Amino acid sequence: MNAQSRVAIVTGGAGGIGRAIAARLQHDGHRVALWDLDGDAAAQAAAALPRSISAGTSEGTSLGVRVDVTDEASVASALRATLAHFGALHVLVNSAGATGPVANVADCDLAAWQRCIDVNLRSVFLCSRAAVQPMLEAGFGRIVNLASIAGKEGNPQMSAYSAAKAGVIAFTKSMGKELALTPVRVNCIAPAVIETPLLAQMTRDALAASLAKIPMQRAGTAEEAANLVAWLAGDQCSFSSGATFDLSGGRATY
Ligand SMILES: NC(=O)c1ccc[n+]([C@@H]2O[C@H](COP(=O)([O-])OP(=O)(O)OC[C@H]3O[C@@H](n4cnc5c(N)ncnc54)[C@H](O)[C@@H]3O)[C@@H](O)[C@H]2O)c1
C-alpha cells in the first residue's frame with residue numbers, strides 16, 4: 001500500500017505546525033482528518049488544504065473534526081467520525097499542545113500546571129491508545145508525537161510544559177518498544193523554536209533566550225517540521241521506533 005490510499009489524523013490540525021503537516025501529508029497523497037478544539041478553524045483549514053496530487057481535488061480527501069484531545073469520550077467520538085468518513089486509519093500525528101503557565105515553580109498554580117500536562121501528555125496517551133487497534137487492523141501504523149527540546153533540557157519557568165514533553169519522549173520510547181514486532185512505528189520530534197502562533201504564549205524574554213541558543217540563529221518553519229514528520233509517517237521510516245528526532249537548528253547535541 002502507498003500513501004495514496006492512507007488515512008492520517010493530525011491533532012492540533014488548525015495550529016501552525018499541525019496545519020503544515022496536514023498540508024504536506026495531503027500533498028503526499030494521504031486523506032487527512034484535522035482534529036482541533038476549534039472546530040470551525042479545523043473545518044476551514046481542511047477546506048483550505050491544497051489539492052491532493054493523487055485525487056486531483058481536495059474534495060473527500062480532508063475533514064475537519066472538533067475534538068478535545070484531553071477528553072476520553074471526545075477522542076472516541078472524533079475517531080468514530082474519522083473512521084466513518086475514511087474507513088481506516090494509518091497515521092496519527094499528535095500535534096495539539098500549549099505552552100501552559102510561565103512562572104517559577106514556587107508561584108505556579110496547580111490547576112494551570114495540570115491543564116498543561118493534560119493538553120500535552122494525557123492527550124498523546126488518549127489519542128495513541130485509540131489509534132492502535134485501527135492501525136493493527138490496517139496492517140500499517142505510524143504515530144508521530146510533537147515533543148520539544150524543552151522536554152530534553154527543561155525550560156526555566158516552564159516546568160509543566162517541560163515535564164509534559166519529557167513525558168511524551170518517554171511515552172514514545174515505551175510505546176515504540178511495545179509495538180516493535182507489529183507494523184506500527186512510534187516516534188517523536190523535538191523542535192526548538194518554530195515560527196507559529198504558539199510563540200505568542202511565551203514571554204518576550206523566554207522567546208529571545210530560546211532563539212539565542214540556536215546556532216543557525218533563526219526559528220524553524222512549520223514546513224521544516226512537516227518535512228521530518230512526513231518521513232516519519234511513511235514507509236521509509238522502517239527501522240526507527242521509540243526514537244526522538246531533533247529539529248533545533250543545531251542546538252541539540254545529544
Ligand atoms: N512552535 C514551537 O516553537 C514549538 C516548539 C516545540 C514543540 N512544539 C509543539 O508542537 C505542537 C504544535 O505547536 P504549534 O506551534 O503548531 O502550536 P499552535 O498553538 O499554533 O497550535 C496548537 C493547536 O492545538 C489545538 N489545541 C489546543 N488544545 C487542544 C485540545 N484540548 N484539543 C484539541 N486541540 C487542541 C489549538 O486549538 C491549536 O490549533 C505542540 O505540541 C507544541 O508544544 C512547538
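In the side chain of Asp36, an N or O atom lies 2.6 Å from an oxygen atom of the ligand, a polar contact in the sense of a pair of N or O atoms within 3.5 Å, where within protein one must be able to donate a hydrogen and the other to accept it, and residues adjacent in sequence count only if both atoms are side-chain atoms. Backbone atoms take part as well: a polar backbone atom of Ile17 is 2.7 Å from a ligand oxygen, and a polar backbone atom of Leu37 is 3.1 Å from a ligand nitrogen. The ligand on its own exposes 830 Å², of which the protein buries 90%, by the Shrake-Rupley method with a 1.4 Å probe.

This is a predicted model, in which local features need pLDDT of at least 70 and side-chain atom pairs count only at pLDDT 80 or more, while totals for chains, interfaces and linings use all residues. Residues are numbered from 1 along each chain as its sequence is written, and side-chain values use heavy atoms, with hydrogens and water left out.

Around the ligand there are 29 residues, of which Ile17, Asp36, Tyr161, Ile194 and Thr196 come nearest, a residue being near if one of its heavy atoms lies within 4 Å.

The side chains of Thr99 and Gln201 are joined by a polar contact of 2.9 Å. Thr99 is buried, with a relative accessible area of 1%, where buried means under 20%, exposed over 50% and partly exposed in between (1.4 Å probe, protein chains only).
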